[in-house]
Amino acid sequence: MLNGRRFSRGVHPPESKEQTSHLPIRRLPFAPVLIVPLSQHTGAPAVAIVREGQEVVRGEPIAKAGGFVSVPMHAPATGRIEKIALAPSARGDLAKAVYLKPYPSASQEILYGAPQDIEQMTPEQIVHAVQETGVVGLGGAAFPTHIKMKVPEGKKVDTVLVNGCECEPYLTTDHRVMVEQAGEVLHGARIAMKALDARRAIVGVEDNKPDAVEALRTAIGAATDITVEAVPTRYPQGAEKMLIQALFGREVPSGGLPGDIGVAVFNVATLAQIGDLLPRHQGLIERVVTITGPALSKPGNYLTALGTPLRWALEQAGCTDEAASVILGGPMMGSAIGTLDVPITKGVTGILVLARRDVKNHRPIHPCIRCGACVDVCPLYLNPSRLGMLARKERYEEMETEFHLNDCFECGCCSYVCPSRIPLVQYFRISKQMNRERKARERAHSNA
Amino acid sequence: MLEYLIAGGVMAGIGSALAVALALANKKLYVYEDPRIDQVEGMLPSANCGACGCAGCRAFAEKVVEGALAPGKCTVSAPVGIVAIASFLGVDAGSEERRVARLACAGGAHVAWNRARYAGLETCRAAALIGGGGKGCAWGCLGLGDCERVCDFDAIRMDEHGLPVVTEAKCTACGDCVEVCPKSLFSIHPVSHRLWVACNNMANGDEAEAVCEVACTACGRCVADAPPGLMRMLDNLAVIDYSKNHLATQIPIQRCPTGAILWIDGMKGPVKGPEARRITRKSPLPIEPADLPVLR
């Protein structure tokens, strides 16, 4: 049925998943204070609808969506709103957040919400209901899911692609979700199919997770609308464009979206949450986070209330003196953080704590020797070497117009293989930022 | 022999025909350009900095000859050069108040705490993209010198605490540092704007002071002391309304407890109020163990 092939580029870093992949999902206790930022997603920030000192019930909405490309927030615990103030974010700036003090005896049971019948709902009603759950892409991008559940204007979506690759080293959240919540994943996939009027769903799983494939196949049983495909283990297999290439042998056009070739891609954890929350009309208030790394004594997959400060989460996971660097996400695409007061948000897939012996700082950067290693691994057939040289010369505009800088999704393969240790992705992030700022200036100039 | 003559004759014929065509084209398509533009351009500093608002010195020379701009609009030229251009064109020199870049941060390594150690590409832009660069103050100067590198006039140099210092005499107000700073701390001001708030921290009181000893703590004393309308508090920062700059005196800086508000004196440089905390420390502040991911 499928004419897929392995995408030819990419890398295969050490997987390092054995530390947590066999551990079942466990719950973390509530932190003394939960910090819920109003902007945890791509798009407009949510608008707080609670006051200081107000009591809230676990699961109750505390902020409403600030537009169509936005989602509401829900109280992660029963307690009292302490204040609405600035809180540090993983990006390094400060953003408005709701500080919630859970009651000491607050239980993790969710009592808020009223069941609704999905079977009776129209696609528009499903899109609206998905927005109300506050679910965003839980694979890390944090793009509001309800927007992906709306069929793009003038297009037809016939396939829902469920992304269970999880190609980032160390991370095992999606793996555990597939093993333990296969039923919810399939339910979520069927909701997405109904909303998009798609006729089939395919779950793509990397072949290093045979137990996940097995669990999903058992849950599917005799049904024929959903199939599970094992794809080769290779980074960045979990990027949607790579997965589409591996399964269908087709490329998403440059600057385009999967919708252009009739596919909608969702992360497994996202669909598991939708399959679980939508029938009960509840909001997203917790997520599975892989807390792992050589510097932890109790690594694992923890079901964590959103807003839990990292400091608390790491204490629970047994952070040792060895810890030297904390990375949100995986080691390839994740970002090191500057303060442990950052809360866990909807887009946090994992927390990686590296030990002192693993972190090699201040290694010299050598000049490019034009070996072409980066060109060989770039999954999007870009020329990172050339882009890097242009970035050093600050020719940012040329990078975008001539060398397709904006197709780069910062997977980090080029930096990973560079023998001169040139931080190419860092250069590209700066270049994209400079281009955005230049365009904003030009717009402001032409308006004036 | 004949072949040679034919070939030579043909070439000579083509040559003279083209010469006539060129001569005609030169007459027919001639574009008059004021010769004074070249001369004025020669008198300009050729810095091509853009501070006058034109795309380089040539464009400025065209505007000046046209009469659209006064020669004094060029803030890079020495006054002698401006007068020379003005007398050459027989126009009024005009005067443009010198403008310079000002930095809204005073948090050098000896007064501002760091939360984390940044190791990576040694530029502010790169550091700002990774957890904000590890500085305790989310708004503060990262001190890796992007502005020093981008300045074409050698007007910015990093001091011993990793804070850029603008040499006002060299600054042409071209605005390159304004664009390059990832924390947007630079802005262009006329030199007569002497009252200056050297802080951009929007946190309140203790929170601001906890990360930087020279932060504006939003105590509001400067606003209370200032002539009515000159200053106000906005987002936990003292803000000066420069449209009322003629009211500005040294009074608002007198009671500032941290020295976040300064009087920039043309001769003496920045002056703090007498009640500002004395900073005697020269060495950089250490990174607090409590802030490192190591939990003890």
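**Notes on domains, chain contact and a hairpin**

1. The centres of domain 1 of chain A and domain 2 of chain A, taken over C-alpha atoms, are 24 Å apart. Domain bounds here come from an automatic or database domain assignment. For chain A that assignment gives domain 1 (30–103 + 285–358), domain 2 (118–280) and domain 3 (373–447).

2. A word on the model before you read on: it is predicted, so local features need pLDDT of at least 70 and side-chain atom pairs count only at pLDDT 80 or more, while totals for chains, interfaces and linings use all residues. Residues are numbered from 1 along each chain as its sequence is written, with chains lettered from A and ligands numbered from 1 in the order in which they are written.

3. Where domain 1 of chain A meets domain 2 of chain A, 27 residues of domain 1 and 22 residues of domain 2 take part; contact means that C-beta atoms, placed from the backbone, lie within 7 Å. On the domain 1 side, strand 13 of chain A gives the largest share, five residues. Strands are DSSP runs of E, at least two residues long, numbered from the N terminus.

4. Now to the two chains: 28 residues of chain A are in contact with 20 residues of chain B.

5. In chain B, have a look at strand 6 (residues 231–234) and strand 7 (residues 237–240), which pair in the antiparallel sense over four bridges; pairing requires at least two bridges found by DSSP. B:Met233 stands opposite B:Ala238 in strand 7. The two strands form a hairpin with two residues between them, and B:Asp235 in the turn has a positive phi of about 50°.
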